[in-house]
Amino acid sequence: TPRVFSGIQPSGNLHLGNYLGALKRFVDMQGEDFETIYCMVDLHAITVWQDPARLREKTREVCAGFIAAGLDPEKSILFNQSQVAEHTQLAWIFNCIARMGWMQRMTQFKDKAGKNAQNASLGLFAYPALMAADILTYHATHVPVGEDQKQHLELTRDIAIKFNHDYGVDFFPVTEPVIGGPAPRVMNLRDGSRKMSSSDPSDMTRINMTDDADGIAKKIRKAKTDPDALPSETDGLSERPEARNLINIYAALNDQTAEQVLAEVGGKQFGEFKPMLAELAVAKLAPISTEMARLMGEEAEIDRILARGAEKARAIAAPILQQTYDIVGMVGAK
Ligand code: TYM
């Protein structure tokens with residue numbers, strides 16, 4: 001069976017972009033067709049400063065979010081990255097495969113490092129090699145992510161290809177990014193030209209997975225829109241980023257396409273559409289936030305799930321790392 005791997009950083013609030021671009025799709029892929037492995041990537045989170053107590057809390061919160069959204073620890077492997085040392089061990093090998101020039105082209109590094117790149121951590125620069133290791137230490141074939149991770153997945157492919165080529169092996173699979181669904185890039189609710197992100201200082205720009213029903217409804221009511229009625233076809237959204245975003249969110253939450261949604265709501269004003277969207281969002285998201293809050297009270301249970309997940313993950317990762325060491329020429333491997 002094909003193997004799915006994906007990860008989420010436990011660095012900020014889990015938000016609607018994470019849910020529609022990634023988590024909801026993780027749940028959709030759980031089942032007979034795929035072996036599914038999902039990770040809280042705490043080692044990626046510390047590429048920028050994280051307060052230790054908050055990192056612990058956010059790691060458990062993301063795990064609670066995974067489970068509340070429908071991931072079942074009996075059907076998917078759920079764990080935190082730092083508990084499976086093979087990720088960092090393989091990352092070192094990949095640091096020696098990836099080229100400086102490849103890393104310098106990464107737009108996420110440029111965005112996160114900002115103007116003063118000399119002051120960014122070395123880990124932030126090497127981030128995509130660790131991400132490639134996350135994926136390839138399981139020989140994962142499918143990686144569901146939001147659109148913002150596309151460039152990192154291309155780099156993962158480049159690393160796999162160069163490793164296979166340099167060592168003359170056909171060992172690492174060339175991974176398929178699975179970017180899809182109606183909302184691969186959920187935008188900021190106050191500015192349709194920026195993506196929804198946990199790092200935006202204004203909480204009104206995003207819907208958090210921990211927001212309650214009133215909070216969700218209020219943020220949708222206050223979301224930026226334009227004064228025109230909704231079009232009945234997606235062509236009519238091309239110059240209207242805020243309108244397009246709300247339609248895509250509606251479609252993704254309701255398991256429809258944007259075309260199907262517009263066929264129903266075309267011609268309506270936002271005054272009529274926003275309450276529909278708020279009702280849908282509350283119906284889909286409030287039960288998740290309630291369940292997350294409950295699970296957050298069961299810290300020992302979460303820690304037990306993560307420990308068990310790490311054990312299962314290690315059982316897959318360890319032999320692949322040993323084979324890698326053997327290919328590279330490390331004495332004592334295998
Ligand atoms: P992260 O933690 O920033 O985001 C987690 C997932 O959510 C998606 N996402 C979005 N999708 C749609 N609209 C948005 N506004 C939005 N914001 C975030 C991301 O695309 C991602 O799928 N580098 C990764 C984590 C990672 C990883 C991996 C992913 C580490 N190792 C291996 C896949 C495989 C990241 O920073 O995601």
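A residue counts as buried if 20 or more other C-beta atoms lie within 10 Å of its own, as exposed if 12 or fewer do, and as partly exposed in between, with the C-beta atoms placed from the backbone. By that rule D134 is buried, because 28 other C-beta atoms lie within 10 Å.

Hi everyone, two housekeeping points before I go on. This is a predicted model, so local features need pLDDT of at least 70 and side-chain atom pairs count only at pLDDT 80 or more, while totals for chains, interfaces and linings use all residues. Residues are numbered from 1 along each chain as its sequence is written.

Let me stay with D134. Its place is in helix α7, where helices (H or I, at least four residues) and strands (E, at least two) are DSSP runs numbered from the N terminus. UniProt, in an unreviewed entry, puts a "binding site" feature at D134. UniProt positions are in the numbering used here, feature names are shortened, and annotations may be inferred rather than shown by experiment. Which residues does D134 contact, leaving aside neighbours within four places in sequence? They are F5, G7, C39, V41, Q81 and H87, with contact meaning that two C-beta atoms, placed from the backbone, lie within 7 Å.

Now to the ligand. The shell around the ligand holds 25 residues, and the closest are Q9, G17, G21, V145 and G146; a residue is near a molecule or strand if its C-beta atom, placed from the backbone, lies within 6 Å of it. Which elements each supply at least two residues of that shell? They are β1 (3-8), α1 (16-29) and α7 (122-136). By class, the shell has 11 nonpolar, 10 polar and 4 charged residues. Here Ala, Val, Leu, Ile, Met, Phe, Trp, Tyr, Cys and Pro are nonpolar, Asp, Glu, Lys and Arg are charged, and the others, Gly among them, are polar.

Next, the domains. The assignment gives domain 1 (3-183 + 298-328) and domain 2 (211-291), with bounds from an automatic or database domain assignment. Taken over C-alpha atoms, the centres of domain 1 and domain 2 are 30 Å apart. How many residues are in contact between domain 1 and domain 2? From domain 1 there are 7, and from domain 2 there are 8. On the domain 1 side, α1 and α3 (52-69) are the elements that give two or more residues. That side of domain 1 has 6 nonpolar residues, 1 polar and no charged ones.

In helix α4 (residues 86-95), E86, H87, L90, A91, I93 and F94 are buried. Looking down the axis of α4, the buried residues fall within an arc of 160°, so they line one face of the helix; the arc is that of the directions from the helix axis to the C-beta atoms. The cover over the buried residues of α4 includes α2 (42-45), α7, α8 (150-167) and α13.

In helix α9 (residues 213-221), I216, K219 and I220 are buried. Down the axis of α9, the buried residues fall within an arc of 100°, so they line one face of the helix. An α-helix has 3.6 residues a turn, so residues three or four places apart point the same way. The buried residues of α9 pack against α12 (270-296).

Most residues other than glycine have a negative phi. H139, however, has a phi near 50°, a positive value, and sits in the loop between α7 and β4 (142-144). H139 is partly exposed, because 17 other C-beta atoms lie within 10 Å. D255 also has a positive phi, near 50°, and its loop runs between α10 (241-253) and α11 (258-265). Is D255 buried or exposed? D255 counts as exposed, because it has 12 C-beta neighbours inside 10 Å.

Last, two distances. D51, in the loop between α2 and α3, is exposed with 9 C-beta neighbours inside 10 Å. D51 and S11 are 40 residues apart along the chain, and their C-alpha atoms are separated by 9.5 Å. R308 lies in helix α13 (residues 299-328), and R308 is partly exposed with 15 other C-beta atoms within 10 Å. From R308 to V265 there are 43 residues in sequence and 46 Å in space, C-alpha to C-alpha.
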